[in-house]
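Subject: Structure handover

Hello,

Here is the structure for you to take over. My notes on what was found in it follow below.

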Amino acid sequence: MRTIRTRATISHLSKRATSKFFAFFFAHFYPRLEPGAVRDWRRGLVARASGRVLEIGVGPGLNLPLYPSGVELFGLDPNPAMLRHARRRARGLGREVTLVRAEAEAISLPAGFFDTVVSIFTFCSVRRPDAAAREIYRVLRPGGRLLFMEHVRSAHPAWARLQRAVAPAWSLCAGGCRLDRDTLGYFLDAGFVLEPVARAGGGILPVVRGVALKRD
Ligand SMILES: C[S@@+](CC[C@H](N)C(=O)[O-])C[C@H]1O[C@@H](n2cnc3c(N)ncnc32)[C@H](O)[C@@H]1O
């Protein structure tokens, strides 16, 4: 009994330490490593948010300075360490943001609550991307928009095979991030209509960005 409890405690502590490490890395080091083009794409995408906005996987709040001033902003993330960084950033910007510890798979808000949902490099990390896409569809109003930028499974079979092969090791080193997600497929299955998708990058890290619409 004691062994089981000790193991559970060790696993809990190591999960907490990992969550803190990734939050610190994302808040302080990742922005220096991100290519300028990707930063520009973030800026372009987030500038299109309007009305009542939810960012899923808000992380340390890297996108908070990029939102237009008139929006009513909500952010969710399951990692409390990420949320602490995001809260600090929001305070520094003098920006009001409702930050909630939650997963995109279960958003405890009414259907049709948001005009815009933003997802940037989050679908690679969610545990159940199909459920997350359906939940985002639910909380958007008819005519609402999901603004997304995600790295996805390659359209080229050889790269896709390599992505699948390295996915477990990559996930371990990158805080649960999966390289081989068919994210656009999840959006379509949830009922979204895709506007023309911009594609960039390639190889092991192809990136898609654009707008998924919830029909009126
Ligand atoms: C790679 S980071 C991206 C952070 C931020 N979107 C950005 O672009 O800087 C992925 C984020 O997704 C969050 N995440 C993981 N599982 C999630 C889930 N089930 N629902 C929502 N967010 C999740 C992680 O905690 C992390 O903050």
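Ala-131 counts as partly exposed because it has 16 C-beta neighbours inside 10 Å; a residue is buried if 20 or more other C-beta atoms lie within 10 Å of its own, exposed if 12 or fewer, and partly exposed in between, with C-beta atoms placed from the backbone. Ala-131 lies in helix H5. Its C-alpha atom is 8.5 Å from that of Ala-190, a residue 59 places away along the chain.

Two points on the source. The model is predicted, so local features need pLDDT of at least 70 and side-chain atom pairs count only at pLDDT 80 or more, while totals for chains, interfaces and linings use all residues. Residues are numbered from 1 along each chain as its sequence is written.

Helices and strands are DSSP runs numbered from the N terminus (helices are H or I with at least four residues, strands are E with at least two).

Helix packing

Two packed helices are described by the angle between their axes and the distance between the axes. Helix H5 (residues 129-139) packs against helix H7 (residues 183-190) at an angle of about 45°, and their axes are 8 Å apart. That makes H5 oblique to H7. Axes here are lines fitted to C-alpha atoms, for helices over the stretch in contact, and angles run from 0 to 180 degrees between N-to-C directions. Angles under 35 degrees count as roughly parallel, over 145 as roughly antiparallel, 65 to 115 as roughly perpendicular and the rest as oblique.

On the H5 side, the contact is made by Pro-129, Asp-130, Ala-133, Arg-134 and Tyr-137; on the H7 side, by Thr-183, Tyr-186, Phe-187, Asp-189 and Ala-190. Two residues are in contact if their C-beta atoms, placed from the backbone, lie within 7 Å. By class, this contact has 6 nonpolar, 1 polar and 3 charged residues (Ala, Val, Leu, Ile, Met, Phe, Trp, Tyr, Cys and Pro count as nonpolar, Asp, Glu, Lys and Arg as charged, and the others, Gly among them, as polar).

Ligand

The ligand is surrounded by 18 residues, and the closest are Gly-57, Gly-59, Glu-103, Ala-104 and Ile-120. A residue is near a molecule or strand if its C-beta atom, placed from the backbone, lies within 6 Å of it. The shell around the ligand has 9 nonpolar, 5 polar and 4 charged residues.

Single residues

Val-53 is in strand E1 (residues 52-56) and is buried, because it has 22 C-beta neighbours inside 10 Å. Not counting residues up to four places away in sequence, Val-53 touches residues including Tyr-67, Val-71, Phe-74, Phe-114 and Val-118.

Phe-121 is found in the loop between strand E4 (114-120) and H5. With 20 other C-beta atoms within 10 Å, Phe-121 is buried. Its phi is near 50°, a positive value in a residue other than glycine.

Phe-192, in the loop between H7 and strand E6 (193-194), is also buried, with 22 other C-beta atoms within 10 Å. Leaving aside neighbours within four places in sequence, the contacts of Phe-192 are Tyr-137, Leu-146, Phe-187, Ala-212, Leu-213 and Lys-214.

Arg-95 sits in the loop between helix H4 (80-93) and strand E3 (97-101). Arg-95 is partly exposed, with 15 other C-beta atoms within 10 Å. Apart from residues up to four places away in sequence, Arg-95 touches Leu-64 and Ala-90.

Regards
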